[in-house]
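Reader: I have just opened this structure and would like a friendly tour. Could we go through it in questions and answers?

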Amino acid sequence: MKMLSTLQSLISFLIVLLFSTALFAEDVKGSKDHPMFSRYEGSKIVAYQSKDFDEYTAILGANKGTQYEVKWEKTEDYEGKVSRILYRAPNGRSSLEVFRNYETELKNNNFEVLFECKKEICGQAFFMMAQPVWKESGWVRDVYATNVNDQRYIAAKLKLDEGDIYAFIYVSEHTFMNSLTGTYVHMDIVEMKPMDTAMVKVDAEAMAKDITTTGHVAIYGIYFDTAKADIKPESKASIDEIAKLLKEKPDLNVFVVGHTDNKGEVQYNMDLSHKRAQAVRDELVNTYGINIDRLGAVGMGFFGPVATNRTEQGRALNRRVELVEF
C-alpha cells in the first residue's frame with residue numbers, strides 16, 4: 001500500500017509538472033511581440049490583446065490612494081492602436097533585472113521617459129491596469145492579485161512625424177500561488193494615428209470657399225517644432241496656397257490666427273501662438289511679397305478649441321493656424 005501511495009504521489013507530481021510545463025511551453029494563441037520591442041529572453045506571452053483603434057488612459061503619476069480607491073497623481077487619455085501584452089519571465093529572473101533590460105531598450109530606441117517609479121513609491125493598484133487583458137485569458141486574471149513584490153513601472157514616448165508611440169511597462173514579482181510565482185511584464189503600447197491627410201492638403205480654391213461661407217478657414221498643413229515658432233520646411237506647400245489665394249483675391253485682407261492646445265500656462269500659449277502667427281505673416285510678406293497692410297497676426301492660445309484637449313487627437317486638431325477675414 002505504501003508503494004502504491006508513493007506511486008500515486010509520483011504520478012500526481014508528474015501530471016502537475018506536465019501541466020505547468022505545457023502551460024508555459026508556448027505563447028498564447030494569436031499573440032505576438034510588438035515590432036518595436038523584443039521580449040526578455042526566454043519569456044512567454046500568457047495574455048494578449050490588440051485593437052487597431054481604441055482609447056487608453058495612461059498612468060503618469062503614482063497612486064496616492066489604495067488599490068480600491070485609486071487616486072492617480074496624473075493620467076492622460078490617448079486614442080490609437082493599442083497593444084497589450086503580458087509576459088511571464090523565465091524562472092529565477094528578478095523584477096529589477098528584467099526591468100533594466102526594457103529600460104535600456106527604451107533608451108536605445110530614443111524614447112523620452114515621462115514617468116518612472118518603483119516599489120512603494122508607485123503606490124498600490126498598478127496591477128489593476130492589466131485586468132482587462134487577464135480576464136480574456138482565464139487563469140491569468142489572478143496574477144498580481146495579491147503579494148506583489150518589487151514592482152517597477154515606466155511610461156515613455158517616442159515622437160515621430162507619422163504619429164507618436166507611447167510605451168507603458170510594468171514589471172513585478174508575483175509571490176502568491178506556487179504554480180504562478182515569478183516575474184511578469186505587462187507592456188502596453190499606444191501608437192497614435194496621424195491626422196487624416198485630407199485635412200492637411202489645402203488649396204487656394206477650397207480656402208476661398210470656406211472664407212466666403214464662414215469668414216475663416218483652418219489650416220493644418222503648417223508645422224512648427226514643439227514650443228517653437230520656426231516654420232518647418234514641410235509647411236511650404238500650404239503657405240504657397242495661402243499666397244496664391246491672396247494674390248488671386250487682392251481685396252481680401254486676413255488675420256493670421258495662431259492656436260495651441262492646452263499644454264502649459266495660459267500666457268505661455270498666448271505668446272507662442274502669437275509668435276507663430278507672426279512667423280506665418282512674415283513669411284507671406286518677405287518670401288511672397290504680400291503687402292503687410294493686408295495681414296494681421298493674432299495669438300489665441302487655447303481659447304478657440306475645435307475639439308477636446310483630453311486626447312492627443314483633439315490636441316492635434318486644436319494646434320492650427322486660421323485665416324480670418326477682416
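**A guided tour**

Author: Happy to. The protein has nine helices and ten strands. Please keep in mind that this is a predicted model.

Reader: What share of the residues in the protein is buried?

Author: A residue counts as buried when its relative accessible area is under 20%. The protein has 326 residues, and the buried part of them comes to 45%.

Reader: Among contacts with a separation of 6 or more, what share joins residues 24 or more positions apart?

Author: Take the contacts in the protein whose partners have a separation of 6 or more. Of these, the share from residues 24 or more positions apart is 70%.

Reader: How far apart should the ends of helix 8 be, and how far apart are they?

Author: Helix 8 covers residues 266-288, which is 23 residues.

Reader: What do the buried residues of helix 8 pack against?

Author: The buried residues of helix 8 include N269, L272, R276, V280, L284 and Y288. Their packing partners are helix 7 (236-248), strand 8 (254-259), strand 9 (295-299) and strand 10 (320-325).

Reader: Which residue takes a positive phi just after helix 8?

Author: Look just past the end of helix 8. The phi there is about 75 degrees, and the residue is G289.

Reader: How are the rings of F37 and F111 arranged?

Author: The structure holds eight aromatic pairs, and we can look at one of them here. The ring centres of F37 and F111 are 5.7 Å apart and the planes meet at 45 degrees, so the pair is tilted. F37 sits in the loop between helix 1 (2-23) and strand 1 (44-59), and F111 in the loop between helix 2 (95-108) and strand 3 (112-118), 74 residues apart. With relative accessible areas of 3% for F37 and 9% for F111, the two members of this tilted pair are buried.

Reader: How do the rings of Y78 and F168 sit, and which cluster holds Y78 and F168?

Author: The centres of Y78 and F168 are 6.4 Å apart with 25 degrees between the planes, a stacked pair. Y78 belongs to strand 2 (residues 75-88) and F168 to strand 5 (residues 165-174), so the pair ties together parts 90 residues apart in sequence. Both Y78 and F168 are buried. Ring pairs join them into a cluster made of Y56, Y78, Y166 and F168.

Reader: How far apart are the closest N and O atoms of E97 and R93?

Author: Side chains of opposite charge can pair when their charged atoms come close. E97, at 34% relative accessible area, is partly exposed, and R93, at 35%, is partly exposed too. E97 and R93 form a salt bridge, with their closest N and O atoms 3.8 Å apart.

Reader: Are D150, R152, E322 and R320 buried or exposed?

Author: The structure holds 16 salt bridges. One of them joins D150 and R152 at 3.1 Å, N to O, and another joins E322 and R320 at 2.9 Å. D150 and R152 are buried, and E322 and R320 are likewise buried.

Reader: Where is N318, and which residues are in contact with N318?

Author: N318 is in helix 9 (residues 312-318), and its relative accessible area of 0% makes it buried. N318 and A307 are eleven residues apart in sequence, with 6.4 Å between their C-alpha atoms. Leaving aside neighbours within four places in sequence, the contacts of N318 are H259, T260, D261, P305, V306, A307, T308 and N309.

Terms used: Residues are numbered from 1 along each chain as its sequence is written. This is a predicted model: local features need pLDDT of at least 70, side-chain atom pairs count only at pLDDT 80 or more; totals for chains, interfaces and linings use all residues. Side-chain values use heavy atoms; hydrogens and water are left out. Helices (H or I, at least four residues) and strands (E, at least two) are DSSP runs, numbered from the N terminus. The expected span of a helix is 1.5 Å times one less than its number of residues. Buried means under 20% relative accessible area, exposed over 50%, partly exposed in between (1.4 Å probe, protein chains only). Contact means heavy atoms within 4.5 Å. Rings of Phe, Tyr and Trp (its six-membered ring) pair if their centres lie within 6.5 Å; planes under 30 degrees apart count as stacked, over 60 as edge-to-face and the rest as tilted. A salt bridge is a side-chain nitrogen of Lys or Arg within 4 Å of a carboxyl oxygen of Asp or Glu.
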